Amino acid sequence: MSDSPAALETAHNPQLRHHFSDMEQQTQASTFGMWLFLATEIMFFGGMFLAYLVYRYWYYDEFAAGSRSIDIWLGTINTAVLICSSLTVALGVKAAQLGKQKLLVFLLSLTMLFGLAFLAIKGLEWYDKYEEHHVPGYSFSAADLIEKYPQLHIDPRPEQIYFSLYFAMTGLHALHMIVGLGIFSFLLYKAIRGTYGPDYHTPVEIGGLYWHFVDIVWIYLFPLLYLIDRKPLR
Amino acid sequence: MSEHVVSNKLYVGIWASLMVLTVVTASVAFIDLGPFNTVVALVIATLKALLVVLFFMHVKYTSEKMTKAVIVAAIFWLLLLMVLSLADYGTRGGRVSAQVRAPAVMRFVG
Amino acid sequence: MATVAVPVERDNYINHEYGMRSWLLTTDHKRIALLYLASITFFFFIGGFFALLIRLELLTPAGDLVLSDTYNKLFSMHGQVMIFFFLVPSIPAVLGNFLVPLMVGAKDLAFPRINLLSWYLYIIAGAIYLHCIIVGGVDTGWTFYTPFSTAFSNTKVIEAGIAIFIAGFSSILTGLNFVVTIHRMRAPGLTWSRLPLFIWAHYATSIIMLLGTPVLAITLLLVVFERAFNLGIFDPTRGGDPLLFQHLFWFYSHPAVYIMILPSMGVITEIVACFSRKRIFGYSFVAASSIGIAVLGFLVWAHHMFVAGISLYSALIFSILSYLVAVPSAIKVFNWTATMYKGSITFSTPMLYAMGFIGLFTMGGLTGLFLACLGIDVHVTDTYFVVAHFHYIMVGGAVMGYLGGIHFWWPKISGRLYPEIWGKIAAVTVFLGFNLTFFPQFILGYLGMPRRYWQYPPEFQVLNVFSTAGSTILAVGYVLPMVYLIWSLRYGKPAPDNPWAAAGLEWTTQSPPTTFNFDETPVVTQEAYDYEHIPAPPLEVAL
């Protein structure tokens with residue numbers, strides 16, 4: 001690192017932090033760090049997926065009934081909403097790469113709108129569960145499911161476990177969405193101020209990685225929670 | 001900085017594929033495929049995840065070996081957790097429904 | 001050597017800036033290391049206080065010092081404080097934070113602000129846990145087993161769970177920082193095969209921190225949710241499986257013990273090479289065995305559950321895997337011993353700790369093999385045999401490695417020499433006190449004394465009295481360094497830049513280092529441990 005043109009150029013980049021030797025090292029380190037963090041998130045959700053696996057294996061009928069009791073169309077719409085948000089995120093990163101500030105601001109805002117829509121629909125679904133007495137705890141009742149699906153052998157006690165996992169998994173996912181919205185608010189604020197451009201857009205990139213990851217978690221939650229058993233019952 | 005810029009057409013194409021796959025997976029759920037319902041659902045989910053990882057998250061275009069190593073390691077570790085746990089659950093024997101014990105009187109202590 | 005005038009102090013990371021804000025808002029990895037040093041020492045004494053109360057109660061067979069419920073709280077909180085607030089952070093957060101950038105020739109870790117965040121998360125977690133102790137504590141055992149913790153315990157399980165959850169993220173962020181730093185910020189010429197083995201050890205540790213801790217986080221979160229919202233995931237009367245909790249818990253908590261021992265092994269490697277004046281024997285084997293321990297350590301967790309109700313077939317699998325994991329650890333012991341063979345040994349304080357480590361870790365490790373054997377485990381599980389086994393590794397191993405490392409790098413960290421004679425006295429006191437405390441516990445366990453019991457049959461009293469006597473000696477051995485290390489900050493001899501004539505980039509900086517470590521990025525051309533080309537230090541320094 002001496003008098004090369006690259007060194008002179010990076011010496012002027014105000015975003016270079018002093019302990020890195022150049023922007024390339026800084027960008028690579030940041031991206032690597034985010035991927036490592038996503039790996040920890042895979043293990044974090046993975047613990048719950050194990051719990052899900054074990055209990056679905058043990059209580060298939062109860063899980064089937066629980067799965068039928070949640071609204072498949074709201075779930076499908078929510079999946080579509082997140083996919084759209086991933087598109088806007090990807091396009092947003094590209095806008096930053098190309099220095100299109102207005103487009104970036106628009107796309108970040110759109111992404112956040114999609115995120116809010118997802119949370120709103122999720123809230124609706126949760127409210128439905130609350131009304132139907134499917135929230136685990138003292139007021140839980142599986143009587144309606146036992147009545148509705150006589151073909152399934154439903155024991156009311158482990159039926160609660162499906163709903164416990166439903167709320168735990170979708171709840172934690174929603175929490176990650178909310179954190180994502182917080183991150184994107186910060187990105188939006190910085191984007192409006194013109195911080196991001198072709199020379200520096202790493203936060204947008206790694207914020208995008210986080211958002212895509214939350215999308216992927218939902219991509220798995222959807223079939224595992226909503227599509228366990230939808231075939232016509234004899 | 002040498003960064004690959006993906007075309008808008010490709011992004012929209014991936015988006016369209018994801019939407020189609022979503023509709024497919026929801027629809028197939030209503031068809032009775034026996035045990036294959038679960039397999040199909042998970043295969044489709046994995047396909048969707050791959051599309052997001054490779055294209056939206058740029059893993060297809062990155063020259064960073066460590067990115068791919070991290071992803072593979074994380075998936076491998078998750079499988080480790082599941083497979084070795086299943087070594088216990090899968091070999092316990094006994095009827096599955098016998099897992100629920102008779103209702104003991106259990107007061108929940110807050 | 002000038003002995004009268006205090007030399008003019010050079011600008012270094014300690015005197016560079018003054019004031020609370022410059023410490024509490026620092027991003028300098030060396031200052032953060034000192035912040036951690038103070039914090040974990042505080043928690044060490046809290047955990048140690050609980051231990052002393054336990055040993056006092058166990059002086060007599062009757063339960064006459066504390067109530068049984070209180071005793072349950074004592075051993076639970078002793079374990080949680082020592083593991084989560086002392087051992088897990090200890091070497092990585094103190095010595096790792098200080099030395100990793102120096103050893104790779106970097107100005108700081110990859111993410112200095114995240115490093116500071118990591119410390120604040122630790123402090124928040126510690127504060128919550130302290131509050132938990134004050135308002136009643138937790139009595140579930142350090143392991144939080146369900147359904148006792150979720151449905152029956154009347155103690156502050158939720159608070160303790162949240163505190164440890166937060167501490168887990170402190171750990172994850174430290175590991176993340178190390179991995180990125182080691183991958184991306186090595187000085188020119190510092191290839192992977194030239195890295196100090198301390199770095200390899202911390203790299204392996206970081207892998208475990210990153211991949212294991214999140215599972216603990218979700219497990220504790222589920223326990224908290226179950227308690228708070230009456231969920232039923234671990235409740236047998238609603239079809240839940242208490243063993244699911246154990247699988248999830250031990251998936252982290254077994255690799256966690258490797259988080260606690262691997263950094264210590266890294267320290268020992270550095271010390272043994274330096275005080276044998278020899279390059280480490282079998283460098284690549286030691287490096288590979290660190291990674292091997294990290295990976296294999298994830299495959300053995302259910303050996304904590306042999307009698308809990310897992311299937312016999314999975315017990316067999318986990319038993320075989322547990323034998324396997326001993327192999328890389330044994331490789332290290334052979335390598336350290338081979339390094340010392342025909343070396344030029346100096347019995348300095350760090351070397352005394354290292355030699356103690358090698359002996360005690362070997363004993364702890366071998367007794368682990370006893371426990372891996374299903375037939376033996378049935379008899380000695382949940383007895384004092386297990387307690388002795390893990391204390392040999394955690395205390396005889398990890399803590400002695402930590403103390404050895406503190407002494408070895410003290411001149412670099414503080415710019416002062418500690419009084420060598422007191423160092424040696426403390427090391428010997430710790431070694432003797434430790435053995436008197438824990439060796440009788442092997443016998444007690446073998447004879448059948450259960451762990452976590454507040455009372456015991458009278459025939460076990462003599463051995464318990466030995467153990468308690470040992471613990472008081474051990475306590476003295478721990479207090480001594482606190483006293484003389486603090487004393488040395490003011491009155492110790494100023495340290496030269498490389499008092500031990502040790503190899504390693506950290507010794508090429510001044511003692512203490514400047515804020516940005518190196519004036520010029522070093523270029524590495526030698527293999528690590530190039531002791532053939534480094535002349536030994538003058539004798540007076542080692543005394």
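# A tour of chains A, B and C

Select C:R277. With 20 C-beta neighbours inside 10 Å, C:R277 counts as buried. The cut-offs work like this: a residue is buried if 20 or more other C-beta atoms lie within 10 Å of its own, exposed if 12 or fewer, and partly exposed in between, with C-beta atoms placed from the backbone.

Two notes before moving on. This is a predicted model, in which local features need pLDDT of at least 70 and side-chain atom pairs count only at pLDDT 80 or more, while totals for chains, interfaces and linings use all residues. Residues are numbered from 1 along each chain as its sequence is written, and chains are lettered from A and ligands numbered from 1 in the order in which they are written.

## Stop 1

C:R277 sits in the loop between helix 8 (242-276) and helix 9 (283-296) of chain C. Helices here (H or I, at least four residues) and strands (E, at least two) are DSSP runs, numbered from the N terminus.

Now jump to C:Y529. This residue is not a glycine either, yet its phi is positive, about 60 degrees. Is C:Y529 buried or exposed? C:Y529 is buried, with 26 other C-beta atoms within 10 Å. Look for it in the loop between helix 15 and helix 16 of chain C.

Next, select C:S511 and C:P512. A cis peptide bond joins them, with omega about -10 degrees. C:P512 lies in the loop between helix 15 (461-491) and helix 16 (539-542).

Then select C:T146 and C:P147. The bond between these two is also a cis peptide bond. Its omega is about -5 degrees. C:P147 is in the loop between helix 4 (112-134) and helix 5 (148-152) of chain C.

## Stop 2: a leucine in helix 4

Select C:L121, in helix 4 of chain C. C:L121 is partly exposed, because 19 other C-beta atoms lie within 10 Å. Which residues does C:L121 contact, leaving aside neighbours within four places in sequence? They are C:I166, C:F169 and C:S170. Contact means that the C-beta atoms of two residues, placed from the backbone, lie within 7 Å.

Draw a distance from C:L121 to C:N517. The two are 396 residues apart in sequence. In space, C-alpha to C-alpha, they are 26 Å apart.

## Stop 3: all of chain C

Zoom out to chain C. Count 16 helices and zero strands. The radius of gyration is 23 Å, close to the 24 Å that the globule rule gives for 543 residues, so chain C is as compact as a globular protein of that length. That radius is taken over C-alpha atoms, and the rule is 2.2 Å times the number of residues to the power 0.38.

Buried residues make up 60% of the 543 residues. Take the contacts in chain C with a separation of 6 or more: 86% of them join residues 24 or more positions apart.

## Stop 4: chain B

Select chain B. Its secondary structure is three helices and zero strands. From the N terminus, the order is α-α-α. Of its 110 residues, 26% count as buried.

Colour chain B by domain. Domain 1 covers 1-57 and domain 2 covers 63-90. These bounds come from an automatic or database domain assignment. The C-alpha centres of the two domains lie 21 Å apart.

## Stop 5: where A meets B

Show chains A and B together. How many residues does each chain give to the contact? Chain A gives 39 and chain B gives 39. On the chain A side, helix 2 (23-58), helix 4 (72-97), helix 7 (156-192) and helix 8 (202-226) each supply at least two residues. Helix 2 of chain A has the largest share, 15 residues.

Colour that side of chain A by type. It divides into 24 nonpolar, eight polar and seven charged residues. Nonpolar means Ala, Val, Leu, Ile, Met, Phe, Trp, Tyr, Cys and Pro; charged means Asp, Glu, Lys and Arg; the others, Gly among them, are polar.

## Stop 6: helix 5 of chain A

Select residues 101-131 of chain A. This is helix 5, and its 31 residues should span 45 Å at 1.5 Å a residue. The end C-alpha atoms are 45 Å apart, which agrees. The expected span is 1.5 Å times one less than the number of residues.

Now highlight its buried residues: A:L104, A:L107, A:L108, A:T111, A:F114, A:G115, A:F118 and A:K122. An α-helix has 3.6 residues a turn, so residues three or four places apart point the same way. What covers the buried residues of helix 5 includes helix 4 and helix 7 of chain A.
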